[in-house]
Amino acid sequence: MQEWMIAMFVIGIMLIVRDMAKIFITARAMRGEEALMAEENPQKARVERYAAAFRRLSDTYYGMPFRKDYLSRDQVDRVLEEANDRICSHCYQQGMCWGERMETTYQEALAAVRAMEEGEEETLRRTRSAWMGLCARAGQFLDTAEEAMQREKQNLIWDNRMIESRLAVAQQMQEIAGMMETVAEDLYDLSRAEPQFHEEVRRKLKKRHVLVRQVWMPEKTEEGRKQVFVNMRARSGQCISMMDVSLLLSEICGCPMVSARDSRSIVNGSFHTVQFQEDASYHMLHGVARITREDEQVSGDNYTCREEENGRFVMCLSDGMGSGADASRESEMVVELLEQFLDSGFSQETAARMVNSALVLRRQDGSFSTMDVCSVDLYSGLCRILKAGAASTFIKRDHWVEAISSTSLALGMVEELDFETASRKLYHGDYIIMVTDGVLDALPPEKSEETMKDIILDVKEETPKDMSREILERVLAYSDYRARDDMTVLAAGIWKK
């Protein structure tokens, strides 16, 4: 519980720093040249110091003992001590066993305890037989030693759980430190636009009754995509739509420009700064069809589809282990945590690792969730797929279907989880179909993927919503229209704008 609270605390700090960064950037843009600070800006240096402190704290956690798979020598000695005190101290042969033949007795007892720990039947039978020839109370001694050994093994399990929790917190701190360093780099990278560009923007917007005070452009942008920050207001009594401003900037920049999401829809009479960015080349639509396991009221599957500010369309499908409300809570937490980390600016892989760390910290035996993430760059059409224990994902193009499978573990099972990733280039008219295990399990087990490919190819529906519903109906036909597990089909199509 303590580690879970620490993890949530540092995540909260990260979110606060991210919001502070956005405030700094907005304030800097609105204040103009006075806010364009040098590289040694105090706020930037402060964030960098925070990042260094988190890295040092993370290194401290990493420096603590790592997990152990076997009892230590001290733990085995405590087992033998307890058996000696409870059995041998009342035996008339104690002086001979633990006196004259102490070395032989100790080695044989040590071998017996190690054999019990490993649980290998043949070795255990051999060591028990050897001990019977040495000890007059062999049965009592071995029973007592096994009882003590099981307690030590339970202590070892709890120690390893604590170590895993510390490592999870350490990893989160490392990720937050990296996030802070990125924020520090981005805090003060705006500069005034070139005079010629500024004058052209001012002149053309003035014709549309918009007064421009200042124009800024980032010194560096993601993959060279154009961005423009304009501080402006409408003339008194005028009201101009942000769409009109975007069209004018598109003419000036030579590429489609749109205002950033959540920006104002109109330019009114007060000065405010609006961010404009190059428009994406593609757009995506999605649809979902799902059915709950028979005799259950709540599905254990959860999903999300969202378009991010950086021009990425993200789909996430999570299947909680089991069914019902408990499974739903697990998968819902996976989806919500992923959304929060992506909102905070984490990359897909980093967000997935943070979610896994959070699940490890709160893990309950038998409670795990799969994660299936597809992230599509709407500028290039590049699709990145990340899987953790998830069912196959399918990509449909014309008369061809590809299955992308995974053999990785589900989230929350181990701290250092190796996600399986894949990248594919999508084109106009392609579809992505994501499913949970319940869908594939309803198909013939020896050829479930091939059957699913045939179903997808045979479906003629073009809208993702209709496609997902048709796929699910055809899958149900293979199981006599009975849902023996939660079943979800999530489909999305990509089209050129």
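Author: This is a predicted model, in which local features need pLDDT of at least 70, side-chain atom pairs count only at pLDDT 80 or more, and totals for chains, interfaces and linings use all residues. Residues are numbered from 1 along each chain as its sequence is written, and side-chain values use heavy atoms, with hydrogens and water left out.

Reader: How many cavities of 30 Å³ or more does the structure hold?

Author: A cavity is a set of points on a 1 Å grid over the protein atoms alone where a 1.4 Å probe fits but cannot get out. Volume is the space filled by probe spheres set on the points, which are joined across faces, edges and corners. With a threshold of 30 Å³ or more, the number of cavities is four.

Reader: Which residues lie nearest the centre of the largest cavity?

Author: The largest cavity has a volume of about 110 Å³. Its lining (residues with an atom within 4 Å of a point) numbers 14 residues. Nearest the centre lie Cys-88, Cys-97, Trp-98, Trp-131 and Cys-135.

Reader: Why is strand E13 largely enclosed by the rest of the structure?

Author: Strands are DSSP runs of E with at least two residues, numbered from the N terminus. Buried means under 20% relative accessible area, with a 1.4 Å probe and protein chains only. E13 (residues 393-397) is largely enclosed because the buried residues number four of its five.

Reader: Which residue of E16 is the bridge partner of Lys-396?

Author: Two strands pair if DSSP finds at least two bridges between them. E13 and E16 (residues 431-435) run antiparallel and are joined by four bridges. In E16, the partner of Lys-396 is Tyr-431.

Notes:
1 Å grid on protein atoms, 1.4 Å probe; cavity = no way out; pocket = protein on both sides within 12 Å on 5 of 7 lines; lining within 4 Å. Buried < 20%, exposed > 50% of the residue type's maximum accessible area, 1.4 Å probe, protein only.
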